[in-house]
Amino acid sequence: MRYKIFPPIGVARVGGDADFFLGPEIPGAGPQELAADGTLSPVRRFKNANRRSIRKQGARFHVFQSEDGNSWVPAVLPPGARVTWSVTLLNKKAATQRSGTPPVGPSRPQIVAGNEGMILNGGTKTISGPDAATEKFIGHFTTTGAQGQAFEADVELGQLRTDGAGRLIVLGGKGTAGAPPGSLLGDPRPQNNFYRNPKWFDDVADGPVKATIEIPGEEPVEAEGGAWVGVAPPDYAPGITGVVTLFDVLTQIAIEHFRHPMPSSADFQRDIAPLLERIRRLRWVHTATGWSDPRLDDPNLANPAGQHRALREAVRDDLILLPEAVLLGHILTSGPPFELREFQHRLLDLWVEGTFTNGPAGPASGLTADGLTRAALEGTVGQGFCPGIEMGILVLDRTLYADPFDYRFKQTGAGSLSAGDLTALMAQPWQADFLECAVEWWPTQRPDIAADPGDIWARGIEDQPQPHEVLVAKFERLGFITQVAGAASFEETERANPF
């Protein structure tokens with residue numbers, strides 16, 4: 001029997017509250033509450049009762065089994081079997097060489113000699129059995145202040161848990177950021193900006209996930225290829241998906257470099273309806289008028305008849321491709337622009353031509369290997385790697401991925417990742433990026449508006465004398481954009497006032 005971990009890439013998110021929910025596991029279903037009996041239900045509350053502390057998003061990992069290495073199903077282990085998980089978490093942001101602007105292509109992080117004390121090394125922790133918990137991952141940060149005085153801090157990077165079935169749950173840190181006293185965030189000196197603030201740390205992290213399966217009377221078996229976890233900032237609009245996600249970015253890499261076929265047919269419910277919904281829901285986090293166009297709701301969009309081709313073509317050109325003109329990719333023209341991936345354009349062309357089927361609507365039921373992979377990565381933003389939100393531009397490096405491709409990073413051999421690599425060249429700290437990227441960058445994670453176009457999501461921060469520091473201290477007071485129960489509309493909820 002062969003074993004693998006799914007999803008191959010999981011995404012956890014920071015939060016100051018000890019409570020947590022799970023990241024998406026079923027495509028289209030969003031984040032989930034995990035009940036004591038193991039059942040899942042949509043998350044309705046993203047903060048604690050006083051709205052001043054964000055609940056963490058946990059990344060859950062599952063062991064799947066296969067006889068042939070092609071078809072993977074949830075592992076069914078015999079009595080007495082044991083799964084031991086191990087995870088390493090690292091943050092090397094402050095120790096990494098940085099220029100004045102984010103990289104425009106895949107770049108491996110380089111540690112500056114003498115900066116090793118600013119690596120937040122949470123180490124490796126192991127866990128097994130049901131309903132277990134480890135000690136916290138703690139990284140020790142040490143540097144000097146402006147006057148040469150010593151500065152040290154212990155920074156919590158996360159914790160491991162297991163659910164009632166012994167499946168791994170990785171939790172992140174609290175959203176903490178800091179620096180030696182007197183280190184002004186957003187200091188206007190040359191090359192200091194949202195990307196580069198020397199000696200500032202935060203508590204996002206990433207690293208490998210491994211699982212060892214022990215069956216009585218047999219040699220222990222390690223799950224093939226392992227998996228990876230990234231700890232990211234909060235997603236303040238968890239029901240609104242990026243037009244281009246990391247799943248889309250990695251799928252295009254698979255097509256271009258790993259013999260993954262370009263689509264030859266399309267299905268409306270699987271390929272087109274999600275794009276229409278992504279465009280439609282942008283109205284609640286961004287001000288462009290196109291997101292509210294009534295053509296997005298026309299039922300004839302699902303009809304392949306030739307008489308509706310003009311409608312399909314207009315919706316593609318005027319609305320679905322509108323983000324390529326409105327949303328931004330990189331501050332440098334040499335960097336990647338905002339653009340749908342080639343395979344997405346191909347699916348849209350097939351749809352316009354009428355070469356598509358119309359399968360069942362709505363999220364699938366049950367946890368599958370493909371579904372776990374897609375759901376985890378579709379909860380991210382795959383554009384604006386300037387420097388990125390969940391993971392940096394390094395994900396565009398094709399040498400990172402195992403062959404045959406299954407959205408899995410290599411952990412050994414040429415091109416393999418090291419813990420902390422994916423987050424090393426992202427904003428320093430992440431809160432600085434959240435303040436700067438207020439318009440046309442990634443509104444599905446960091447809203448531009450608070451559902452009502454007349455209300456700015458980050459109101460109360462930008463007019464402060466030191467807004468960056470205010471955001472570091474009070475990011476958890478910002479509101480979440482969530483769907484109104486029983487309706488298609490969204491509203492701002494759980495905002496804590498005053499700033």
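Buried means under 20% relative accessible area, exposed means over 50%, and partly exposed is in between (1.4 Å probe, protein chains only). I start my notebook with that, because I kept coming back to it.

**Ground rules**

I'm working on a predicted model, where local features need pLDDT of at least 70, side-chain atom pairs count only at pLDDT 80 or more, and totals for chains, interfaces and linings use all residues. Residues are numbered from 1 along each chain as its sequence is written, and side-chain values use heavy atoms, with hydrogens and water left out.

**Entry 1: salt bridges**

I took a salt bridge to be a side-chain nitrogen of Lys or Arg within 4 Å of a carboxyl oxygen of Asp or Glu. How many salt bridges does a search of the whole structure find? I got 29.

I looked up D397 and R108, a salt bridge whose closest N and O atoms are 3.5 Å apart. This pair links distant parts of the chain, 289 residues apart: D397 is in the loop between α6 and α7, and R108 is in the loop between β8 (82-91) and β9 (120-128). For the element names I used DSSP runs numbered from the N terminus: helices are H or I with at least four residues, strands are E with at least two. D397 has 16% relative accessibility, so it counts as buried. R108, at 26%, is partly exposed.

Then I went to D19 and R55, whose side chains meet in a salt bridge at 3.0 Å, N to O. D19 sits in strand β3 (residues 17-22) and R55 in strand β6, 36 residues apart, and the pair links distant parts of the chain. Is R55 buried or exposed? R55 comes out buried, at 3% relative accessibility. D19 is partly exposed, with a relative accessible area of 31%. I also noted that D19 and R55 belong to a network of salt bridges with E33 and R45.

My last pair was D318 and R295, with closest N and O atoms 3.3 Å apart in their salt bridge. D318 is in helix α3 (residues 309-320), while R295 is in the loop between α2 and α3, 23 residues away, and this pair also links distant parts of the chain. Both ends are partly exposed: D318 has a relative accessible area of 39%, and R295 has 27%.

**Entry 2: D235**

I found D235 in the loop between β17 (227-232) and α1 (246-257). D235 is buried yet has no salt bridge. Which side chain of opposite charge is nearest to D235? That is R13, 4.4 Å away; for charge, Lys and Arg count as positive and Asp and Glu as negative, with His and the chain ends not counted.

I did see the side chain of D235 reach the backbone nitrogen of A237 at 3.0 Å. Leaving aside neighbours within four places in sequence, D235 is in contact (heavy atoms within 4.5 Å) with R13, G379, T444, Q445 and F480.

**Entry 3: α2 and α5**

I looked at how helix α2 (residues 268-281) and helix α5 (residues 342-353) pack: the angle is about 105 degrees and the axes are 11 Å apart. The axes are lines fitted to C-alpha atoms, for helices over the stretch in contact, and angles run from 0 to 180 degrees between N-to-C directions. α2 and α5 are therefore roughly perpendicular to each other, a label that covers 65 to 115 degrees; under 35 is roughly parallel, over 145 roughly antiparallel and the rest oblique. F268, D271, I272, L275 and R278 of α2 make the contact with Q344, L347, L348 and W351 of α5.

I also listed the buried residues of α2: F268, D271, I272, L275, L276, R278, I279 and R281. At the start of α2, a side-chain oxygen of D267 reaches to within 3.1 Å of the backbone nitrogen of Q269.

Where is the cis peptide bond from F6 to P7? Its omega is near 0 degrees, and P7 is in the loop between β1 (2-6) and β2 (9-13). Another cis peptide bond joins C386 and P387, with omega about 5 degrees. P387 is in the loop between α6 (369-378) and α7 (430-436).

I noted a positive phi near 65 degrees for R51, a residue other than glycine. R51 is in the loop between β5 (40-42) and β6 (55-66) and, at 40% relative accessibility, counts as partly exposed. Y407 has a positive phi near 65 degrees too. Y407 lies in the loop between α6 and α7 and is buried, with a relative accessible area of 10%.

Conventions: Polar contact = N/O pair within 3.5 Å; in protein donor to acceptor, adjacent residues only side chain to side chain.
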